[in-house]
Amino acid sequence: MRGTTRHLIDLARHGDTDGAALALAELVNGPEAGKFVLRTVLAELTSASARMLSAGAGGDPEETAFRVEIRGDADNVVPIDELDPPLRAAVRALLAQLNGSPEDAEYQLDLTFREKDPVAAMTVLVHALLWTADLYDSCEQAGVPTPEWLHDASAR
């Protein structure tokens, strides 16, 4: 799954939105589609994002608390409870991972794909993919360490 996830991140990082959309659609609708595959890719994206955010924050991870501020199209603050349930669960999974609660992250990841709606699954994966790709670029520019498998060609 890391090879698939790495390929998706590469497409997003290089601006190949059509390729990323097609690869995501194949993942969501393809023969191997299913909760396990989608959840595994989302778990990889969430884990990588959490590791990069934590590394970028510096300091002692035990003493760092993370929170998010979600902004809408009009740059207004959007309460997390106003997000669609799958996206809300994905954000909460990331926060749980960041704040050292892996069991809570696992629970939220399970909630993410509770609905069998391919559009909701695609939306969550697109958001997580873009978060991870943007974080990867930011970390590279700032010299912040990234997970080894993100730049390891053997992960494919």
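The model is predicted: local features need pLDDT of at least 70, side-chain atom pairs count only at pLDDT 80 or more, and totals for chains, interfaces and linings use all residues. Residues are numbered from 1 along each chain as its sequence is written, and side-chain values use heavy atoms, with hydrogens and water left out.

**Helix 2**
- Helix 2 spans residues 17-29, 13 residues in total. Helices here are DSSP runs (H or I, at least four residues), numbered from the N terminus.
- Helix 2 reaches 18 Å from first C-alpha to last, close to the 18 Å expected. The expected span is 1.5 Å times one less than the number of residues.
- Its buried residues (under 20% relative accessible area, 1.4 Å probe, protein chains only) are G19, A20, A23, L24, L27 and V28.
- These lie on the same side of helix 2 because they cover an arc of only 165 degrees around the axis. The arc is that of the directions from the helix axis to the C-beta atoms.
- D18, L22, E26 and N29, on the other side, are exposed, meaning over 50%.

**Helix 4**
- Helix 4 covers residues 85-98 and has 14 residues. Its reach is 20 Å, close to the 20 Å expected.
- Helix 4 is mostly covered, with eleven of its 14 residues buried. Among them are P86, R88, V91 and L98.
- Just after helix 4, G100 takes a positive phi of about 75 degrees.

**Ring contacts**
- The charged end of R6 sits over the ring of Y136, 5.3 Å from its centre. This requires NZ of Lys or CZ of Arg within 6 Å of the ring centre and within 35 degrees of the ring normal.

Terms used
Helices (H or I, at least four residues) and strands (E, at least two) are DSSP runs, numbered from the N terminus.
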